[in-house]
Amino acid sequence: MEDVLTQFKADDFDFTRVAVIGCPGSGKTTFSNNLGHMLGRKVTHLDKLLWKPNWQMPPYDERDAIHSELINGEEWIIDGMWKSHLPKRIMRATLVIFLDYKRSVSLSRACERRIAYRGCQREDIADGCLEKLDSYFIKYIWNFQKQTRPLILQLLERKSESQVVAFSSPKEARVFLQQLATAFLFG
């Protein structure tokens, strides 16, 4: 996978269709929003579109139709995991950005987010879904490295290395965005 902590030019990457993936709490939404702002593009948050009120999950076919319409678009930045739809998104993306952080980072951030948004509606989540952090969600984050990461790595192996960027820390992601901003400004 690409070592992005060296200088690069903005045209080193194809930002036509960007999938930002990672464990819950890794910062996918923040990263995507920052990237979208830099590129002057709208960000699509899967959790906003694929959940129904009160965290009700629609049937697979309904979710798949929404997801397929999104990924068949010409340009997009999509933030979210949704393992059931991940293979199609990764294959259609021109660039996959994987926030591959330690479990402690994601768990800590998920807890901080829960405190900050307690009883509130976040803009990146479906209407009627208030912020929560239940035992299922904590267990999912705790087991992400062991259970979900291998699937992601398997899917990413099918992509060209130039189409995948993985960050192992929030600092790496920040440096990438800073370098990207500089590249766009002075490139």
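1. Phenylalanine 98 in strand S4 is the bridge partner of isoleucine 21. The model is a predicted one, in which local features require pLDDT of at least 70 and side-chain atom pairs count only at pLDDT 80 or more, while totals for chains, interfaces and linings use all residues. Residues are numbered from 1 along each chain as its sequence is written, and side-chain values rest on heavy atoms, without hydrogens and water.

2. Strands S1 (residues 17-22) and S4 (residues 95-99) are joined by five bridges in the parallel sense. Strands here are DSSP runs of E with at least two residues, helices are runs of H or I with at least four, and both are numbered from the N terminus; two strands pair if DSSP finds at least two bridges between them. The open sheet comprises five strands in the order S2-S3-S1-S4-S5, with parallel pairing. Because S2 (44-45) and S5 (164-167) each have a single partner strand, one side of each is left without a neighbour in the sheet.

3. Helix H1 (residues 28-39) packs on this sheet and touches S1, S2, S3 (76-79), S4 and S5, its direction making about 165° with that of S3. Contact denotes heavy atoms within 4.5 Å; axes are lines fitted to C-alpha atoms, for helices over the stretch in contact, with angles from 0 to 180 degrees between N-to-C directions. Helix H3 (residues 60-71) also packs on the sheet, touching S1, S2 and S3, at about 140° to the direction of S3.

4. The largest nonpolar core has 25 residues, and Ile21, Leu86, Ile90, Val96, Ile152 and Leu156 touch the most other members. Such a core is a set of buried Ala, Val, Leu, Ile, Met, Phe, Trp, Tyr and Cys residues joined through side-chain atoms within 4.5 Å; buried means under 20% relative accessible area, exposed over 50%, and partly exposed in between (1.4 Å probe, protein chains only). Helix H7 (residues 149-157) supplies the largest share of this core, three residues.

5. The structure contains eight aromatic pairs. Rings of Phe, Tyr and Trp (its six-membered ring) pair if their centres lie within 6.5 Å; planes under 30 degrees apart are stacked, over 60 edge-to-face, and the rest tilted. Phenylalanine 31 and phenylalanine 167 form a tilted pair, since their ring centres are 5.9 Å apart and their planes stand at 45°. Phenylalanine 31 lies in H1 and phenylalanine 167 in S5, so this pair ties together parts 136 residues apart in sequence.

6. No disulfides are present (cysteine sulfur atoms within 2.5 Å). The sulfur of cysteine 23 is 11 Å from the closest cysteine sulfur, in cysteine 111, which is too far for a bond.
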